[in-house]
Amino acid sequence: VAICPIVMWSGIAAAQQAARAIDTVPGMPPVVDPVNLYSETRAGNVRPDVAADPARIYVPNRRSNDVSVIDPVTMRVVDRFPVGVNPQHIVPSWDLKTLWVTNNAEGRPDGTLTPIDPQTGKPGPSVSVDDPYNMYFTPDGKSAIVVAEAFKRLDFRDPHTMALQSSLAVPECAGINHADFSIDGRYAIFTCEFNGRLAKIDFVARKVVGYLTLSKSSIPQDVRISPDGKVFYVADMRADGVFIVDGERFEKVGFIPTGIGTHGLYPSRDGTKLYVSNRGSNKVFAAPGGHGSVSVIDFATRKVVATWPIPGGGSPDMGNVSADGKTLWLSGRFDDVVYAIDTTTGAVEKKIHVGTEPHGLTVWPQP
């Protein structure tokens with residue numbers, strides 16, 4: 001997250017003073033507003049060099065093994081290029097200079113990462129890594145964290161060359177995939193899709209702290225920290241809702257019903273709402289035209305304040321919010337489309353046909 005050097009809102013001095021109470025890990029950008037850690041991802045707060053990049057939606061198509069590129073102004077596909085086998089997500093690098101496509105090759109060791117230059121929108125030579133289902137970066141930017149799902153392992157790699165630095169086994173986390181960090185960067189909570197658990201990882205000591213079972217039938221997916229850093233929201237595809245977890249105590253403290261096949265979690269640009277994509281099916285693979293929807297959770301009350309069904313049915317999966325906060329972009333996983341959803345009305349402005357089985361798309365540029 002880029003930190004804006006210009007004072008743009010009242011009360012900044014007080015917020016900075018309070019933020020000093022949050023002792024972040026070395027190298028992590030400071031928490032400017034301790035009651036809204038998303039303050040620096042507010043609408044329009046894009047770093048000048050990143051703002052010069054072409055506005056694009058990059059969509060990994062899992063079964064056609066390629067990336068579709070959408071112009072968000074014309075809402076048309078303007079490019080499409082092959083990548084590795086099973087592209088799952090497209091992840092911005094810590095320095096915002098590269099977009100990495102994670103091609104996990106169906107769990108085989110011959111996975112790859114394909115870099116995309118966001119200035120040109122073109123891919124570079126792929127790098128071989130084990131089973132990169134997903135990828136994150138340590139808060140200090142010194143390591144990429146490749147989530148090797150099939151191997152129940154986190155691989156720490158050089159953030160530029162992707163040379164292996166070290167590995168951490170997470171043996172009791174079957175289907176380790178999505179994560180989010182604590183407000184101070186000390187630890188992260190990962191979801192274990194295939195055994196209904198969460199794993200808490202200490203990123204200072206680089207060790208597994210413990211596991212938390214949500215329920216015997218849970219299929220946990222995305223995870224997102226609250227703006228004040230006090231709890232984590234965990235989407236559960238089988239429970240059709242969002243668990244609330246106290247990260248420090250590492251225990252369940254609540255549950256919010258949303259819709260069928262709860263999957264992705266995306267904060268609004270003002271940090272007041274959480275957009276929840278409900279994929280329309282409890283199955284890992286499903287037919288098109290499901291009962292897909294988007295639920296809107298109010299962070300302050302922890303209640304659903306709106307539900308936006310996909311007209312005609314659909315499968316909203318993963319995505320992000322536009323830099324101006326006006327559009328929620330989501331892949332339609334089983335319908336081979338991307339949805340552009342108005343964040344004010346919930347209306348689907350456009351369904352854009354892409355490749356086969358689009359998954360973890362990224363919106364560029366981002367704050």
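Two residues are taken to be in contact when heavy atoms lie within 4.5 Å. The structure described here is a predicted model.

The chain contains two helices and 29 strands. Its radius of gyration is 19 Å, close to the 21 Å given by the globule rule for 367 residues, so the chain is as compact as a globular protein of that length. The C-alpha trace extends over about 50 × 45 × 45 Å along the principal axes. Of the 367 residues, 60% are buried. When contacts between residues at least 6 apart in sequence are considered, 46% join residues at least 24 apart.

The accessible surface of the chain amounts to about 14400 Å², and carbon and sulfur atoms account for 54% of this area. With regard to charge, 36 positive and 39 negative side chains are present, and the centres of the two sets are 3 Å apart.

At the local level, attention is directed to Asn-195, which is placed in the loop between strand 14 (187-192) and strand 15 (197-202). The relative accessibility of Asn-195 is 26%, and this residue therefore counts as partly exposed, since that class lies between the 20% limit for buried residues and the 50% limit for exposed ones. Apart from neighbours within four places in sequence, Asn-195 is in contact with Glu-172, Cys-173 and Ala-174. Met-237 is 42 residues from Asn-195 along the chain, and the C-alpha atoms of these two residues are separated by 13 Å.

Technical notes: Residues are numbered from 1 along each chain as its sequence is written. This is a predicted model: local features need pLDDT of at least 70, side-chain atom pairs count only at pLDDT 80 or more; totals for chains, interfaces and linings use all residues. Side-chain values use heavy atoms; hydrogens and water are left out. Helices (H or I, at least four residues) and strands (E, at least two) are DSSP runs, numbered from the N terminus. The radius of gyration is taken over C-alpha atoms; the globule rule is 2.2 Å times the number of residues to the power 0.38. Buried means under 20% relative accessible area, exposed over 50%, partly exposed in between (1.4 Å probe, protein chains only). Accessible areas come from the Shrake-Rupley method with a 1.4 Å probe; for residues, only the protein chains shown count as cover. Lys and Arg count as positive and Asp and Glu as negative; His and the chain ends are not counted. The place of a charge is taken as NZ of Lys, CZ of Arg, CG of Asp or CD of Glu.
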